[in-house]
Amino acid sequence: MIEKLKGYLAEWSVFEKVWISLFTAITVYLYFAFQDTLLGLISSIAGMLCVVLVAKGKVSNYLFGIVQTVTYGYIAFGYGLYGEAMLNWLFYFPTQFIGIWMWMNHFKKKEDSEQGENVYVKRLTRKGWILVAGSFVIGALVYAELLTVLSAQQVRIDSMAVVLSVIAQILMVQRYAEQWVLWILVNILTITLWVITLVQTGGNDWNMVIMWTAFLVNSIYGYVNWVKLSKVQKAED
């Protein structure tokens, strides 16, 4: 058991170990210092484990994703961030299972992997980028109208973050490296969304800000890592 654990940790880079340790420590500190909710703590840690495993190309990321989507959706709903809540419960949660199925259908054997990744990476074409941009503009405008009808908070930021998240998740399930560019934008928007919401409502769930900041750092790393993997895998073809 110990040897198996050592072998698993050997696949983690120094950056990954430092990243997950640092943000977990900050999250636990905030839980006690600001009397955050236990649900917020669970959601943050599950979310951080999920995204770092995505960056590593590990199918196991979806298991932590299931926990994070359920808990985060509940927290967001409590703050009136209905766009975030619906995104997690109605989209992210079911796509975790779709992701497991699709990644397993393109599973990469351990002996063929470069750094322990489980999947083959794809790249987005110019036509694909045009489709992504058009979908974002139309989707954000339509979703903003829906959130307005629901009397949601921070409609514009919420709608942009949600639509970008949907597109990024679709690219993630299909294994495109460019998903990370969208995740970077999503994380910046969502950090802004939570800071404004917590300041205005006086809420204590600052773990959400730390979690999304951790996601932002991981997204930058994930993009660099997946581009590198795509180049290595292409060279092997």
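Visitor: How do the axes of helix α5 and helix α7 run, roughly parallel or roughly antiparallel to each other?
Guide: This is a predicted model, in which local features need pLDDT of at least 70, side-chain atom pairs count only at pLDDT 80 or more, and totals for chains, interfaces and linings use all residues. Residues are numbered from 1 along each chain as its sequence is written, and side-chain values use heavy atoms, with hydrogens and water left out. The axes of α5 (residues 82-104) and α7 (residues 155-173) come within 10 Å and cross at roughly 5 degrees (axes are lines fitted to C-alpha atoms, for helices over the stretch in contact, and angles run from 0 to 180 degrees between N-to-C directions; helices, H or I with at least four residues, are DSSP runs numbered from the N terminus). Angles under 35 degrees count as roughly parallel and over 145 as roughly antiparallel, so α5 and α7 are roughly parallel.

Visitor: How many residues of the contact of α5 with α7 are nonpolar?
Guide: Contact means heavy atoms within 4.5 Å. Residues making this one include L87, F91 and W103 of α5 and V162, V166 and I170 of α7. Ala, Val, Leu, Ile, Met, Phe, Trp, Tyr, Cys and Pro count as nonpolar, Asp, Glu, Lys and Arg as charged, and the others, Gly among them, as polar. Two residues of the contact are charged, six are polar, and the nonpolar ones number 13.

Visitor: And how are α2 and α3 arranged, roughly parallel or roughly antiparallel?
Guide: Their axes are 10 Å apart, with a packing angle of about 170 degrees. Among the residues that meet are W19 and F23 in α2, and S44 and M48 in α3. The angle of about 170 degrees therefore makes α2 and α3 roughly antiparallel.

Visitor: Which residues have the most contacts inside the largest nonpolar core?
Guide: A nonpolar core is a set of buried Ala, Val, Leu, Ile, Met, Phe, Trp, Tyr and Cys residues joined through side-chain atoms within 4.5 Å. Here, the largest one has 66 residues, and the elements giving two or more residues to it include α6 (126-149), α8 (179-201) and α9 (207-236). Those with the most contacts inside it are W19, W103, W194 and W212.

Visitor: Is S44 buried or exposed?
Guide: S44 sits in helix α3, and, leaving out residues up to four places away in sequence, it touches T27, N207, M208 and M211. Buried means under 20% relative accessible area, exposed over 50% and partly exposed in between (1.4 Å probe, protein chains only). The relative accessible area of S44 is 0%, so S44 is buried.

Visitor: What relative accessible area does R156 have?
Guide: R156 belongs to helix α7. Its C-alpha atom is separated by 9.3 Å from that of E145, 11 residues apart along the chain. R156 is exposed, with a relative accessible area of 70%.

Visitor: Near what value is phi of R175?
Guide: Most residues other than glycine have a negative phi. R175, in the loop between α7 and α8, is buried, with a relative accessible area of 7%. This residue other than glycine has a positive phi, near 70 degrees.

Visitor: How far apart are the end C-alpha atoms of α4?
Guide: The expected span of a helix is 1.5 Å times one less than its number of residues. The 18 residues of α4 should therefore span 26 Å, and the separation of its end C-alpha atoms agrees, at 26 Å.

Technical notes:
Parallel < 35°, antiparallel > 145°, perpendicular 65-115°, else oblique.
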